[in-house]
Each structure stands twice: as C-alpha cells, then as structure tokens.
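Colleague: I have a model open and would like to learn how to read its features. Please take them one at a time.

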Amino acid sequence: MGTKQTTLQELAQAEERMRSVVNHVVDGIISIDGRGIITMFNPAAERIFGYAASEVIGENVRVLMPEPYRGEHDAYIDNYLRTGEAKIIGVGREVVGLRKDGTYFPMELAISEFHLEGRVHFTGIVRDITERKHAEEALRQAEEQMRAVFENVIDGIITIDGRGEVIAFNPAAERLFGYDRAEVVGRNIRMLMPEPYRSEHDGYLANYERTGIAKVIGQGREVTGLRKDGSTFPMDVAVSEFHIGTRRFYTGIVRDVTERHLREQRQLVRLNRQLEHRVAERTRELEAAVRELEAFSYSVSHDLRTPLRGIAGFSRLLLESEAERLSATGRQYLDRVVQGTIRMGRLIDELLNLSRIGRRPLQPEPLDLSALAHAAVAALREAEPERQVEVVIEPGMVAEGDPELVRVVLDNLIGNAWKFTRQTPQARIVVGSEPAQPPTFYVRDNGAGFDMAYADKLFGAFQRLHSDRAFEGSGIGLATVRRIIALHGGEIRGEGAVGRGAVFRFTLPRPRGHDA
C-alpha cells in the first residue's frame, strides 16, 4: 500500500512538473487527437493566437489556420492515419497562423506524434516568428538597397580580402578598368595597378596588418589605375577597412578624374594665356615708360648741364680775369663753385649710367677678371701716382658676363677700396675668389670700413655711410654694382667693421664649358 501511494505521489509530482513546463515555456504547445480536436492549449499558445484555452479546447485545430491550410488539414490527417505517409510530422516548417482577431502571422511549427490509450495524438510546438520575419525583411530590403547602390553607383567599388584578392567588383569598376567581373574576382588587385604601385602593394598590405600603420586606409588620395587595354588613368581612391569575424577586408571607392585633370589643364592654359597677355601688355607699358624716362633723363641731363657749364665757365673767367681784384677768400669761394659743378656733372653722368643699365640685352662672353682688375688698378695709379697702395690680384680668375658691365663692377669696387684706404698708412687691397658654386669673387681692403648696423643701406642710391668731407662720392656706385650683378643672375653682399676694412663678395656665372 505504501509503495503504491509513493508511486502515485511521484506521478503527481511528475505531472505537476510537466504542467509547469508546459505553462511557462515561451513556445505555444497544442495537442490534438486523431480527429484534429484540440485537447491542450498552453498559456503561450493563448498569447500567440489570442484565444483562451477554454475557447479552443474541443474545437478542430482548423480554427487556428487560414486557407488553404484549413481546407487541407482533415484530409491530411486522414491520409496520414491511413497510409502513414508524413509530410509535416517529425519535421519543422514555416506556416501561417490565424489569430482570433483575424490577423495572420508567420510561425514555425514542429509536430510530433504520441499514443495514449491506443489512440493517436499529435502535439505541435508553435513559435511566433513575426519579429524575426520583420528583421529578415528589413535585412533583405537593406541588402537589396546595398545591391542597388553597388550595381548602379557611378564610382567603382572594389572589395578585397587580407591577401589582396578581389571578392567584389561592381559594374562601374568594370567600365573604369575594362574588365568583366569574372576576369577580376579571385585575382590579386595588383592587376589593376601599374608600376611602382603593383610591386609595392602586397608589401604594403603585409606591413599594415603587422604594424597597423596606414598610408592609404581611412583617407583618400590620387593614384594611377591600369586598364585592361594597358592604358593608365588618374583616379581618386578612398579605402576603408571592415571585419567579418576574424577576417579583414578592404573596400576601395574609385573615381576616374581624367576629366577633372583635363579641366584643370584647360584652366591652367587659359590662365597662362591671360598671364602672358597681361605680361605682354605690362611689358609694353613698361617699355613705353622706359622710353619716356630715357627721354626725360636726356632732357634733364641737357637742361642741367647747360647751366652747370655756364656756372663753371663764368667762375673760371672770374678766376682768370679778375684774379688781381679778388681776395683770397673770393678766389677760394669761386674755386669751390667750380669743383661743385664738376661733382654735379659727374653725378648726372652716374645717374644716366644707372638708368641705362638693363635697357640693352646682356652680351655675355668669357671674361678674364684678373685682367679687368689690373686695368682698373692701373687707371687709379695713373690718376694718383703719389699713392702707395699694395694691391694683390689673384691670377686666372674667369667668369661669364657682359664685359662692359662687369668692368663697371670692378671699377666701382676697386675704386671704393682705393678711396676708403686713403687715410690708411699701409693700404692694402686684395682681389680674389673663393671656391663656391656659383663662382664667388671678392674685393677686400683694410680701410675705413663701415658699421654693419647700416649694411642694409649699402646698395641703395644716394646712401653714404661716411661724410662727404672725408671721402668724396655720389652714393650711386654700389647701387649700380648691385643692378649689374642682379642682371647676371648673381648676388652681392658686403661685410665690414669700422676702422678695420671691408670686403664685398659677388657671384657671376662660370664660363660655359669651363670645368669646376
């Protein structure tokens, strides 16, 4: 008796556990008998179909089915009971359910068979897959949209794996490169690259995967593409990286920028033509201005020289004819007038020379600078034979230049050195060269020198760093020198110290065919 009671208790407990499972699972559980009458309808099935269990137990399961399942169901059960041929039982499939409110919904249905008291019964496990279907539909639409974009965008889209093999090649890429998709997919992306990109690509991929240092990925740049026919074209490429699982992939968006280059070239040609036109127009204006300035310079020169000649001439006449009646002070004043007119005439000549520089084309030829320097020193010694100046001129100095203009350079620089060493007891001037490219020459003296604080004024017209009483001059010589050196494509600079001399370095072209 005790054993039987224990067995009944165990059965009751097992039934309670089973009922708890049935009542709490999220899937609907529906049992029917061999006639299709519902015998069990768990709470999950109530939520799924919207019926209370009491509303459907005892009803044919067809009430939960829309057409055509409803009309076919009883015949299907009869056929199975008669023949044993199963189409659903023992397997799962997707079907459509009918809720109490008349709405349809997709569901997964798995049917199993069991026997009770010699009768056949069936249990269906039902899962509402509406949300999954919505997600699948959304995914499908997204895939279709992406496919539409991929297939119809005007830019080429190419996807490769971590080894550089092409796995996607859209129609725009086919048009850009001239390949069919089948000719490219599965092959290395190198086939679309000319050298040097082709040889560098695999190493770049390997280096990026090893170090994470990107040169292209994540940014755009312009490169060159290689078409099937062997021609190349400029293209903008933007590469992005993505992962599927542990695998790494890269997608490149490619745009042919040939037309942009052509537009830029056309625009550049147009701008160059406009610039050439403006330069030509400006050149004509400058030439006209130069002609006017030249005419003005000659006119002013003539108008200035005429009264200067008169002043100088009458001053000399007074000194010669009226000398006995003039006091010593009067004669001194007249002499200063004569000297002033001479200096003024010299200044006018130097201004005219400065204005003429550059108005005629250069006539460069190989020059012996050493010989030109000796000629300049000889002229100075002839003018002042009493001066005792040590002059050292490096032999064999050569350059390329306009002989007339380069002679003016040396005359001015050596003349300045001669002048500013006048108060130096043991005057010394050195003319030499320094190994450099382009060739560099210099004139150095141990004379008065100058304060480097005023070095920026050295080459300006009328800029003088010493008083006129100490050293005569117009202040135009160095301005003339700089203009001549600039016309030859060279540079000039000065260095000095007060009372310790100065050095002027300048560059000139090397003679053509002359070894460095």
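Modeller: Start with burial: a residue is buried under 20% relative accessible area, exposed over 50% and partly exposed in between, with a 1.4 Å probe and protein chains only. Phenylalanine 49, at 2% relative accessibility, therefore counts as buried. Phenylalanine 41 counts as buried because its value is 5%.

Colleague: What is the ground for these values?

Modeller: This is a predicted model, in which local features need pLDDT of at least 70 and side-chain atom pairs count only at pLDDT 80 or more, while totals for chains, interfaces and linings use all residues. Residues are numbered from 1 along each chain as its sequence is written, and side-chain values use heavy atoms, with hydrogens and water left out.

Colleague: Where is confidence lowest, and where is it highest?

Modeller: pLDDT is the predictor's confidence in each residue, from 0 to 100. The protein averages 82, and 81% of the residues score at least 70. Confidence is lowest in helix α1 (residues 2-24), at a mean of 63, and highest in strand β15 (residues 440-445), at 95. The protein has 13 helices and 17 strands, and buried residues make up 35% of its 516 residues.

Colleague: How many aromatic pairs does the structure hold?

Modeller: Rings of Phe, Tyr and Trp (its six-membered ring) pair if their centres lie within 6.5 Å; planes under 30 degrees apart are stacked, over 60 edge-to-face, and the rest tilted. The structure holds 7 such pairs. Phenylalanine 41 and phenylalanine 49 have ring centres 6.1 Å apart and planes at 50°, so this pair is tilted. Phenylalanine 177 and phenylalanine 233 are edge-to-face, at 5.5 Å centre to centre with 65° between the planes. Phenylalanine 177 is in helix α6 (residues 171-177) and phenylalanine 233 in strand β9 (residues 232-244), so the pair ties together parts 56 residues apart in sequence. Both phenylalanine 177 and phenylalanine 233 are buried. Ring pairs also link Phe41, Phe49 and Phe105 into a cluster.

Colleague: Which charged residue sits over the ring of tryptophan 418?

Modeller: A charge sits over a ring if NZ of Lys or CZ of Arg is within 6 Å of the ring centre and within 35 degrees of the ring normal. The charged end of arginine 387 sits over the tryptophan 418 ring, 4.9 Å from its centre. Arginine 444 lies over the face of tyrosine 442, at 4.6 Å from the ring centre.

Colleague: What does α4 pack against?

Modeller: An α-helix has 3.6 residues a turn, so residues three or four places apart point the same way. In α4 the buried residues are His73, Tyr76, Ile77 and Tyr80. Contact means heavy atoms within 4.5 Å. The buried residues of α4 pack against β1 (28-33), β4 (104-116) and β5 (119-128).

Colleague: Where is proline 68 found?

Modeller: Proline 68 is in the loop between α3 (53-56) and α4 (69-83). The peptide bond from glutamate 67 to proline 68 is cis, with omega near 5°.

Terms used
Helix = DSSP H or I, 4+ residues; strand = E, 2+ residues; numbered from the N terminus.
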